[in-house]
Amino acid sequence: MLLFRHLLCSAFFLFEAGYFEAQNLLPADSRATSETVHLFQNLKKLPEKGFLFGHQDDLAYGVGWKYEPGRSDVHDVTGDFPALYGWELGRIELDQPVNLDSVPFDRMREFIREGYERGGVITISWHLNNPLTGKTAWQPEPGTVASILPGGQKNALYRSWLDKIASFFLSLKGSKNELIPVIFRPFHELNGSWFWWGGKNCTPVEMKQLYRYTVSYLRDLKNVHNLLYAYNTDRFASKEDYLERYPGDEWVDIIGFDIYQGNNIKKNEDFMAELDKTLHILDFLAQEKNKIPALTEFGYNGLPDSSWWTNVFFNILSKHQVAYALAWRNSGYQSPAQYEFYVPYKGQGSAPDFVKFYGEAQTLFQKEATALKLYR
Ligand code: BMA
């Protein structure tokens, strides 16, 4: 009888959501859909195996082409699609039909479904305009973050923008009418000062408030339950630096950062040393906080080094634990001064090395991701 009571009590205890939360088996949204919870649990185990290779806007366009059904620069080079697809919502807040990089939101929805149905993972960023001035994300104005928090003059406007992204997230449906899970990385690069939400443009306290407010609004008010939340800095110097604007473990599922070679990190050795050091801190924090580590954006614009993928990037990444790494977009020719791509296209100098990188056991592309059944 005693034993029976004991078993009954344990079962009762196990069924309490509190137990799962305490064990970190549930994401920041304890009411997340089952596909989202499975993705969360599978991503947590993933670094033991390897990392998903991702590419921004991969299915929409590449170098020298746009909107050719079934095409992808990654596929042209490797015969396989990425395992992770990045998309961007900037300008959805203005009710525009296309985003700031000219991707129509309707097409984006179809591409998201296409990648998901193949077993791939979706991550979304949002370069939302400055709500105080109406200018772009890159045009900071003192007081912007304070103005959109509760009590601020632009809070109602910000809420109306959140309503629009909530509708978009809730419109992402798979073939069984289930919601498609998305890794949302609001306020990315939040320790740099180039966006209105970042660095010296607000205080760490304001940033934490805004992050929590945004999660809570989407999750608790709009009932969006297909999101995992990524805390996403830019390059950083130390653990303390990384955590300065961290909203707290209960608000975050994934911890990551963005890092690029070129511009201010020119030499391979310097990039490797910094990537190694910061990934080492991330490994430690992911363990300590029981979070999913990720390289939320990376790249070397124009890929001028033909062996960069194996000698530089994989050389360092293979020593660390990340669940995924997202390469930035292949927009190609933009102006004589700007030619932008971060994965090789067919015939590009680093393409053979990228195929070698593809062949590494730790790099996971679409076929491997599909086999992993990340939503079950
Ligand atoms: C930047 C560049 C821009 C683009 C922006 C938002 O890094 O790629 O061309 O508009 O991201 O996607």
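Visitor: When is a residue near a molecule or strand?
Guide: When one of its heavy atoms lies within 4 Å of it. In this predicted model, local features need pLDDT of at least 70 and side-chain atom pairs count only at pLDDT 80 or more, while totals for chains, interfaces and linings use all residues. Residues are numbered from 1 along each chain as its sequence is written, and side-chain values use heavy atoms, with hydrogens and water left out.

Visitor: OK, which residues surround the ligand?
Guide: Asp101, His127, Trp138, Trp328, Arg329, Gln334 and Glu340. Three of this shell are charged, two polar and two nonpolar.

Visitor: How far is a ligand oxygen from an N or O atom in the side chain of Arg329?
Guide: 2.8 Å. For the side chain of Trp328, the distance from an N or O atom to a ligand oxygen is 2.9 Å. Glu340 has a polar side-chain atom 2.9 Å from an oxygen of the ligand.

Visitor: New topic. What is the mean pLDDT of the protein?
Guide: The mean is 94, and 94% of the residues reach 70 or more. pLDDT is the predictor's confidence in each residue, from 0 to 100.

Visitor: And where is the pLDDT below 50?
Guide: Over residues 7-14. Where pLDDT is low, the predicted coordinates should not be read in detail.

Key. A polar contact is a pair of N or O atoms within 3.5 Å; within protein, one must be able to donate a hydrogen and the other to accept it, and residues adjacent in sequence count only if both atoms are side-chain atoms. Ala, Val, Leu, Ile, Met, Phe, Trp, Tyr, Cys and Pro count as nonpolar, Asp, Glu, Lys and Arg as charged, and the others, Gly among them, as polar. Contact means heavy atoms within 4.5 Å.
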